[in-house]
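Reader: I'm new to this one. Can you show me the structure and walk me through it?

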Amino acid sequence: MYICLTKPVSTFKTLYLRAMITINDKFQQMLANVPRDIITEIDLSFAIATEVETLMHERGLNKKQFADALGKKPSEVTKWLSGQHNFTIRTIAMLSNFFGKPIIRTCDRKYKLLEDEYPSMVSEGGKEINK
């Protein structure tokens with residue numbers, strides 16, 4: 001198979017780069033119109049999906065094995081890993097218990113107050129210890 005170029009390769013590269021810049025500009029314009037809370041929701045969904053997938057791989061589980069271990073259908077796991085699933089607190093809790101570690105982390109206000117009151121205490125791996 002032969003490809004016949006009527007223009008120098010550098011011209012095609014230039015055209016390609018210009019097209020990519022134009023696409024990126026248009027994408028940025030579209031993104032600017034999306035409400036910030038929607039962007040945050042999407043970011044969080046992808047972060048949770050990435051964490052679940054990372055923990056699956058750490059355990060050496062593929063989608064089918066993971067689904068079987070949880071009593072779920074592989075299609076549901078695929079949906080979770082797509083980053084487009086709206087995780088419920090119940091699902092996040094179930095996944096955290098399965099992996100034996102939190103899928104998401106929240107600020108522990110009670111501990112923050114304790115840390116302010118007793119500065120000699122530090123947090124190490126979620127456990128309080130003396131300096």
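Author: Let's start with S96. S96 is buried, with a relative accessible area of 16%. Buried means under 20% relative accessible area, exposed over 50%, and partly exposed in between (1.4 Å probe, protein chains only).

Reader: Where is S96 found?

Author: S96 sits in helix α5. Helices (H or I, at least four residues) and strands (E, at least two) are DSSP runs, numbered from the N terminus.

Reader: What is S96 in contact with, leaving aside its neighbours within four places in sequence?

Author: With those neighbours set aside, K101, P102 and I103 are in contact with S96. Contact means heavy atoms within 4.5 Å.

Reader: What kind of model is this?

Author: This is a predicted model: local features need pLDDT of at least 70, side-chain atom pairs count only at pLDDT 80 or more, and totals for chains, interfaces and linings use all residues. Residues are numbered from 1 along each chain as its sequence is written, and side-chain values use heavy atoms, with hydrogens and water left out.

Reader: How many helices and strands does the chain have?

Author: Six helices and two strands. From the N terminus on, the order is α-α-α-α-α-α-β-β.

Reader: Switching to α3. Which residues of α3 are buried?

Author: F66, A67 and L70 are buried in α3, which spans residues 63-70. They cover an arc of only 100° around the axis, so they lie on the same side of α3. That arc is taken from the directions from the helix axis to the C-beta atoms.

Reader: What covers the buried residues of α3?

Author: The cover includes α2 (36-58), α4 (74-81) and α5 (89-99).

Reader: And what caps the N-terminal end of α3?

Author: N62 does: one of its side-chain oxygens lies 3.0 Å from the backbone nitrogen of K64. Just after α3, G71 takes a positive phi of about 75°.

Reader: Now the largest nonpolar core. How many residues does it have?

Author: It has 16 residues, and V52, F66, L95 and I103 have the most contacts inside it. A nonpolar core is a set of buried Ala, Val, Leu, Ile, Met, Phe, Trp, Tyr and Cys residues joined through side-chain atoms within 4.5 Å.

Reader: Which element gives the largest share of this core?

Author: α2, with four residues. α2, α3, α4 and α5 each supply at least two.

Reader: What does V52 contact, beyond its neighbours within four places in sequence?

Author: V52 is in contact with F66, L81, L95, F99 and I103.

How values were computed:
Polar contact = N/O pair within 3.5 Å; in protein donor to acceptor, adjacent residues only side chain to side chain.
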